[in-house]
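Trainee: I would like to go through this model with you. Can we take it question by question?

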Amino acid sequence: MNELNDDLQQALHQVASWMRDATNVVIFTGAGVSTESGIPDFRGPQGIWKKVDASIFEFKNYIRDPEVRKRAWQMRRDAEMWKAKPNPSHLAIAEFEKLCNVTAIITQNIDRLHHAAESDPTKILELHGNILEVGCLECKRRWPTIEILDRVEAGEEDPRCTECGGILKTATISFGQSLDPEVLAACEKASREADLFLAAGSSLVVVPAAHMPLIASQSGARLVIVNLEPTPLDELADLIIRGATGQILPSLAKALMTS
Ligand code: NAD
């Protein structure tokens, strides 16, 4: 790792001392924490939206257009997520749990890499679901995604529910689709109760996810943002660290251990 400059060292020690003193540390992650695992984000410098038409991620298009579903299943089948491993960002977040009072890890990510990094699964709140399961949008029956991808591989371009013929979709939230109300309520509660809220690798533009740092800040939490780029909530932040989460978060874990 490169030598950290003095300003960065100072910022890390400041955040570490806030984290150590906090009774409810909430970590909030977006697609940026997984880019170093080889999974592209949407809006970052190498994001998916530089390459594909964002309209395929709209729920209403998925429902009405079989061509969108065919492309979505191909994308799922070929996704980098299946072979991705946790990177130093995920491992550092799992480490934070041993070093301070982490009460929740709220993630916008669907890749399960916080689980793979062995963060406490009871603390992980997957606001946008995950890719491991597929559900029927009609009868709500569920299958492991792997079984449905086997059907795609065998030639079913738009696999349908074997019980009722309904449309199948991974148990993830597309744009315009409602979030699971229980998960959303748990995220809002954790954000309200936070006294230190660390948002890492999220563009903080997708709502209601981006309301969480807002709720935390308005409820009195210190807000720390780690991102390569500016976000719309930067002006609310008590401290912003501009950098790659794969470098910053392990350095923060080290600062927590040593100071
Ligand atoms: P986003 O694509 O809108 O933004 C990613 C942000 O992370 C950007 O601001 C970018 O500058 C920053 N970033 C990228 N790499 C970084 C790094 N190494 N270190 C620090 N910052 C970095 O992502 P979002 O805000 O999470 O919203 C997009 C939605 O798309 C998410 O809600 C999620 O559901 C979904 N998504 C998930 C995955 C995944 O599960 N890994 C991947 C792509 C999209």
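Mentor: What follows covers the cores, a pocket and some backbone details of this predicted model.

Trainee: Which element gives the most residues to the largest nonpolar core?

Mentor: That core has 30 residues. Elements giving two or more residues include helix H4 (88-99), strand S2 (102-107), strand S9 (239-242) and helix H9 (245-258). Helix H1 (6-21) is also one of them. With 7 residues, the element that gives the most is H1.

Trainee: Which residues does Ile 241 contact, leaving aside its neighbours within four places in sequence?

Mentor: Ile 241 is among the five core members that touch the most others, along with Met 19, Ile 27, Phe 96 and Leu 198. Contact needs heavy atoms within 4.5 Å. On that basis the partners of Ile 241 are Leu 8, Ala 11, Leu 12, Val 15, Ile 225, Val 226, Asn 227 and Ile 248.

Trainee: How many residues are in the second, separate core?

Mentor: Val 26 and Ile 106 belong to this second core. Ala 199 and Met 212 are also included. Its size is 24 residues.

Trainee: Which strand supplies the largest share of the lining of the second largest pocket?

Mentor: The pocket has a volume of about 520 Å³, and 23 residues line it. The largest share is 6 residues, and it comes from S4.

Trainee: Which residues lie nearest the centre of that pocket?

Mentor: By class, the lining has 10 nonpolar, 7 polar and 6 charged residues. Those nearest the centre are Arg 142, Ala 171, Thr 172, Ile 173 and Gln 177.

Trainee: Where is the cis peptide bond from Val 207 to Pro 208, judging by the place of Pro 208?

Mentor: Omega of this bond is near 10°. Pro 208 is found in the loop between S7 and helix H8 (211-218).

Trainee: Is Arg 112 partly exposed or buried?

Mentor: Arg 112 has a positive phi of about 65°, although it is not a glycine. It sits in the loop between S2 and helix H5 (113-116). Buried would need under 20% relative accessible area, and exposed over 50%. Arg 112 is at 26%, so it counts as partly exposed.

Trainee: And is Glu 118 buried or exposed?

Mentor: Glu 118 lies in the loop between H5 and S3. Its phi is near 70°, a positive value in a residue other than glycine. The relative accessible area of Glu 118 is 69%, so this residue is exposed.

Conventions: Residues numbered from 1 in each chain as written. Predicted model: local features only at pLDDT ≥ 70, side-chain atom pairs only at ≥ 80, totals over all residues. Heavy atoms only, no water. 1 Å grid on protein atoms, 1.4 Å probe; cavity = no way out; pocket = protein on both sides within 12 Å on 5 of 7 lines; lining within 4 Å. Points joined across faces, edges and corners; volume = space filled by probe spheres on them. Helix = DSSP H or I, 4+ residues; strand = E, 2+ residues; numbered from the N terminus. Nonpolar A, V, L, I, M, F, W, Y, C, P; charged D, E, K, R; others polar. Core = buried A, V, L, I, M, F, W, Y, C linked by side-chain atoms within 4.5 Å. Buried < 20%, exposed > 50% of the residue type's maximum accessible area, 1.4 Å probe, protein only.
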